[in-house]
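The sequence and structure come first.

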Amino acid sequence: MKKKLFFLVAVLCFLGLGAQAQETMSKGQLVGSLKVGFSDYGLPLGLSADYGVVSGFINGNAAVSVGGEVGVYISDVHTHLSLAARGNFHYEFVDNLDTYLGLNLGLVGRSFALNGHLGARYYFGKVGVGVEFGMGNHAAGGTIGVSMKF
């Protein structure tokens, strides 16, 4: 069910209509996020950063970012540190709404993790609120958070 939902949301994101060129993520833009959520692996708490490396393609609405994240997964039995590199493809369908699809590659505790994620952030100036859904080794679940452009 989670895989079908993830696929459906991804397809809908890429079929958006009426897109206009915007700058929610652009080359040289740094976005930091503080997140909390739920997962099959425990309660995730984390910080992430995304840095825009390419922007302005696909009618001026698309961008690519790279970054990293650090966090903890807290469960009844264990607490695990997570550390990962991340890469995202961003596309803005609506003004101030940054939708993105990406991959995380890193460690959760002593385990290697390769996870996919799908997210969206809505900005009110330089501050935004967002949601991110993940799939993979340790990321089946989602987070909500606050983001800031630097």
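Val54 is located in strand S2; strands (E, at least two residues) and helices (H or I, at least four) are DSSP runs, numbered from the N terminus. With a relative accessible area of 39%, Val54 is partly exposed. Buried stands for under 20% relative accessible area, exposed for over 50%, and partly exposed for what lies in between (1.4 Å probe, protein chains only).

The model is predicted: local features need pLDDT of at least 70 and side-chain atom pairs count only at pLDDT 80 or more, while totals for chains, interfaces and linings use all residues. Residues are numbered from 1 along each chain as its sequence is written, and side-chain values use heavy atoms, leaving out hydrogens and water.

Val54 belongs to a nonpolar surface patch whose members also include Leu30, Tyr51, Val66, Tyr122, Phe124, Met148 and Phe150; together the patch residues have about 1,000 Å² of accessible area. Such patches consist of residues with over 30% relative accessible area and no salt bridge, with nonpolar side chains (Val, Leu, Ile, Met, Phe, Trp, Tyr) joined within 5 Å and like charges within 9 Å. A salt bridge is a side-chain nitrogen of Lys or Arg within 4 Å of a carboxyl oxygen of Asp or Glu. Areas are from the Shrake-Rupley method with a 1.4 Å probe; for residues, only the protein chains shown count as cover.

Two or more patch residues come from each of strands S2 (43-57), S6 (111-124), S7 (127-136) and S8 (141-149). S2 contributes the most, with three residues.

## Aromatic contacts

There are three aromatic pairs in the structure. Rings of Phe, Tyr and Trp (its six-membered ring) pair if their centres lie within 6.5 Å; planes under 30 degrees apart are stacked, over 60 edge-to-face, and the rest tilted. One of the pairs, Phe57 with Phe89, is tilted, at 6.2 Å centre to centre and 50° between the planes. Phe57 lies in strand S2 and Phe89 in strand S4 (residues 79-94), so this pair ties together parts 32 residues apart in sequence. Phe57 is partly exposed at 28% relative accessibility, and Phe89 is partly exposed at 22%.

Tyr122 and Phe124 make an edge-to-face pair, 5.0 Å centre to centre with 70° between the planes. Tyr122 is partly exposed at 32%, whereas Phe124 is exposed at 56%.

## Overall fold

The chain has one helix and eight strands, in the order α-β-β-β-β-β-β-β-β from the N terminus. Of its 150 residues, 44% count as buried.
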